[in-house]
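Hello,

Here is the structure I said I would pass on. My notes on it follow below.

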Amino acid sequence: MKKIIIITIILIICFLSNSVYALEFSGNLTYSSSYSPFSKDLSNSLKLEIKSFHSFTDQIFLEGDLVLRYTDRFLDQPLFIMPKEFYLSTYDLIPKVDAKAGILIESWGSSDMFSPLDNFNPSPFGISFTEISNKLGVWAINANYYIDNTTYLQLVYLPNFVPNHLNEEYEKQLYLGIFAPQFQEQGLEINSINLTHHIPDQPVWGVKIGKSFSSFDAYLSYYRGYYLNSYPQQVEPIINNSGMSLNVNLSHPKRDILGLEFQGDFPGIEGATLRGDIAYILPEAWMLQGKYLLKDPYFKITLGADYTTSSNLYLNLAYVYGLTYEEGTDCSSYLFLNANQELDYSKFTPQYIGGISLQDGSMLHSLGFNYNFSDNLSLSLSYLLVIGEKDSKFGQVKNNEGLFLIGEWSF
Amino acid sequence: MKIRKYFLMIIAIVLLFSNLITSKQVEAEQLLTVDEIMDKMEETAPDFTTQKTISEMVIIDEKGNEETRKMIMFSQKEEDDKTSTLIRFLSPNSVKGVTLLNINNGEKIYLYLPAYNKPRRIAGASKQEEFMGTGLSYEDMSMDYQDKDYTKTILEETEKEFKIEVIPLGEDTSYKKIILWVDKEKFYSKKVEFYDEVENLTKTLEIQKIEIDEKGKITPLEIEFSDLENKKKTKIIIKEMEYNIDLSSDFFSLRTLSKPTL
């Protein structure tokens with residue numbers, strides 16, 4: 001955290017200092033608002049993202065991306081200032097090698113959504129149905145060695161593992177909701193909870209080899225790291241001044257992931273692109289209260305295809321086995337469809353994103369539109385509808401249902 | 001997907017440069033056959049293997065509203081007369097850095113979106129695929145009417161132009177016929193008209209401004225596509241152009257896509 005603060009200060013000084021006139025700046029200002037008709041909650045966020053770039057030579061660059069955000073969203077951190085990315089990059093300084101070092105966002109996986117191979121960067125608190133990239137940068141080194149024009153080897157190394165960011169109050173409510181009923185059955189009335197986080201201090205790394213063939217690209221990868229979400233390690237009820245409390249130790253199981261990703265021509269459909277990620281996950285056996293939460297290796301899969309019709313209707317259909325928050329035996333099957341229609345006579349682009357759980361039939365539908373006032377100013381409005389029982393796959397995120405408005409200005 | 005279409009439009013321009021333009025000053029007093037005219041257009045095309053272009057694309061809607069995008073483009077003629085291109089948006093900021101790599105006339109196409117931080121491979125463009133809703137296919141835009149899949153006829157010869165009718169012979173073409181207006185002095189297509197199945201004029205392409213260098217080579221500086229059905233125009237304005245620049249052997253590869261400067 002200390003490093004992050006230092007980098008943030010350096011970036012802010014850079015942005016404000018006259019001495020860095022050589023830096024190129026760009027960015028965007030995004031206002032987003034959501035309204036839930038059920039909880040009557042209205043939340044607003046304003047995010048300023050400033051990107052900077054400096055070229056030392058044709059081979060060495062400094063790039064930064066600073067995010068300042070204010071939100072009044074329930075349980076969220078009101079003010080958020082953090083370098084999303086800040087790194088030094090070199091291209092061919094060492095022959096055939098391109099490298100980056102600093103705060104990075106790594107993107108593994110070829111699929112457009114829910115790639116099970118994209119595991120280096122943590123996510124901020126909250127599920128977003130609106131942002132394309134919703135990850136936080138981490139200290140890392142990325143080196144690509146280009147064997148030839150179609151083959152490369154990639155190494156990603158994180159000196160420290162960084163978990164997903166969760167609001168502590170939310171986390172307390174979550175675990176209280178899980179464990180309090182169990183102890184209630186034993187006659188113990190839990191009225192508070194103490195969480196202790198144990199974050200592994202071991203590095204995280206991954207290697208990938210990619211090859212471009214005539215009609216498709218394929219990549220094999222190996223990742224060694226940890227689950228980004230924490231798992232309870234030990235749960236212990238204790239008596240304190242205010243009654244019965246629960247001490248919960250949380251940590252992150254280790255995992256190894258063998259990955260295969262590919263993208264290329266869809267066989268038999270000219271113009272359609274097939275993208276897929278297959279992850280074979282070997283978890284550290286994780287037991288709680290005599291029951292394994294993680295034990296056996298398992299697969300997570302995302303297979304998608306996108307196609308644009310002659311009438312400019314963009315379609316992206318994906319099969320997902322195991323969403324981001326599903327692991328082990330919890331994994332289940334889903335279908336997602338992303339569609340938007342470009343209109344010849346209008347700046348309106350109607351959009352639809354939908355998903356269905358093939359396990360329980362619960363669904364989400366987001367219907368809306370995007371309106372481009374100009375190249376630099378756009379507005380989108382959508383309504384997210386969740387259909388399903390409260391404990392169903394999508395029913396669990398029913399509190400996200402509502403109206404979403406996003407305005408973005410690029411500068 | 002709009003971005004992809006803009007890129008495809010620019011790729012088309014690259015191909016047009018190769019085929020629409022001729023620089024050789026030819027005396028046209030003598031009677032030429034249509035094949036001889038087409039051969040002269042081919043023979044006198046700019047002689048380059050690599051090219052760098054900085055251009056602006058102005059999209060004009062039916063109300064006259066304009067949107068301008070600036071981009072840099074590199075191209076290289078590969079073996080078998082195929083072309084590889086790399087195009088990057090320089091402005092506006094909403095699309096800055098978005099890059100398209102097209103290897104060997106679309107054998108492999110990659111799109112790099114900075115927001116995604118990884119290249120996306122796109123299925124090879126069909127020769128009949130449309131560019132920017134103009135209805136012009138990759139094949140149409142290549143303007144490669146030399147082969148035997150077209151019949152060509154001189155319809156008219158004026159003081160300044162040849163009017164040539166090109167009729168595609170294949171069944172999978174979008175057009176009934178294409179009319180070329182070829183400059184008799186400089187031998188380049190000043191205007192192209194595209195007619196649909198029922199012979200309605202649907203699209204036009206005009207080279208509005210050219211530059212002739214000391215060697216007599218012609219560079220088009222302004223090209224305008226008009227979609228007559230949608231009353232939409234797209235104008236390409238060339239700001240800078242260099243021929244036969246040095247490019248590394250791996251320039252048209254995945255490696256270049258994410259490099260911050262080109």
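How many residue pairs are in polar contact between chain B and chain A? The count is 22, with both residues at pLDDT 80 or more. A polar contact is a pair of N or O atoms within 3.5 Å; within protein, one must be able to donate a hydrogen and the other to accept it, and residues adjacent in sequence count only if both atoms are side-chain atoms.

This is a predicted model, where local features need pLDDT of at least 70 and side-chain atom pairs count only at pLDDT 80 or more, while totals for chains, interfaces and linings use all residues. Residues are numbered from 1 along each chain as its sequence is written, chains are lettered from A and ligands numbered from 1 in the order in which they are written, and side-chain values use heavy atoms, with hydrogens and water left out.

Chain B puts 38 residues into the contact and chain A puts in 53, contact meaning heavy atoms within 4.5 Å. Between them the chains bury about 3700 Å², 42% of it on carbon and sulfur atoms. Buried area is the accessible area (1.4 Å probe) that two parts lose on being put together, summed over both.

Seven salt bridges cross the interface of chain B and chain A; each is a side-chain nitrogen of Lys or Arg within 4 Å of a carboxyl oxygen of Asp or Glu. One salt bridge joins Arg255(B) to Asp98(A), with 2.8 Å between the closest N and O atoms.

Regards
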